[in-house]
Amino acid sequence: MRLQGLPARIAADCQVLVLGSMPGVASLQAAQYYAHPRNRFWPLMSRLLEVDAGGDYASRVARLQARGVGLWDVIGECVRVGSLDAAIERASVVPNPLPDTIVALPGLRAVACNGAESYRLWSRWIAPRLPASAAGLPVLALPSTSPANAAFGIDRLVAAWAPLREYLSPGT
């Protein structure tokens, strides 16, 4: 089944852009990033950036943006059955226009890839297309918050994702 990703949730003053690979079924059905109840993204953002994980979706996204963090995915469209990255048909991948987006974000200080597949897709589809002005942008390859990544509990995720805060301005 051909899937269309979610729209970017990126404010003009974004400092860190968190990229997933492609939203899972629960997220696409809810039209919300990280909507699966066992995904640890929102609890992680609660611990790292004081985003109320129990708040409504619009409030969580607004708080994340106020802290300088944007959300999107490397893939804009693809064919996949189910939610697993391994089920993505590689020949069907249409990446999001991230090089243009990155150039349009003058305050962007880092990209954070949520999971190994996001980082692999970034390296294949986006990094080679970045203009020279964005070539030195730090890219953090972080462990996935997906429930499929059972090896990482929330405490281990918090420790692994803590460097993300280094790229955010104090007080945001």
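Let's start inside helix α5, where R120 and E117 sit 3 residues apart, about one turn of the helix. In this predicted model, R120 and E117 form a salt bridge, with their closest N and O atoms 2.9 Å apart. Within it, E117 is buried at 13% relative accessibility, while R90 at 33% and R120 at 34% are partly exposed.

The structure holds 5 salt bridges, and another one to look for joins R47 and D155, with the closest N and O atoms 2.7 Å apart. This pair links distant parts of the chain, as R47 is in helix α2 and D155 in helix α6, 108 residues apart. R47 is partly exposed at 44%, and D155 is exposed at 53%.

Now stay with helix α2, residues 41-49. Here F41, W42, L44, M45, L48 and L49 are buried. Seen down the helix axis, these buried residues fall within an arc of 155°, so they line one face of α2. Their cover includes β2, α3, β3, β6 and α6. Just after the helix, E50 takes a positive phi of about 60°.

Finally, find N96 in the loop between β5 and α4. N96 is buried, with a relative accessible area of 12%. Its side chain reaches the backbone oxygen of D73 at 2.7 Å, and the contacts of N96 also include W72, V74 and I126.

Technical notes. Residues are numbered from 1 along each chain as its sequence is written. This is a predicted model: local features need pLDDT of at least 70, side-chain atom pairs count only at pLDDT 80 or more; totals for chains, interfaces and linings use all residues. Side-chain values use heavy atoms; hydrogens and water are left out. Buried means under 20% relative accessible area, exposed over 50%, partly exposed in between (1.4 Å probe, protein chains only). Helices (H or I, at least four residues) and strands (E, at least two) are DSSP runs, numbered from the N terminus. The arc is that of the directions from the helix axis to the C-beta atoms. Contact means heavy atoms within 4.5 Å. A polar contact is a pair of N or O atoms within 3.5 Å; within protein, one must be able to donate a hydrogen and the other to accept it, and residues adjacent in sequence count only if both atoms are side-chain atoms. A salt bridge is a side-chain nitrogen of Lys or Arg within 4 Å of a carboxyl oxygen of Asp or Glu. Lists of a residue's contacts leave out its neighbours within four places in sequence.
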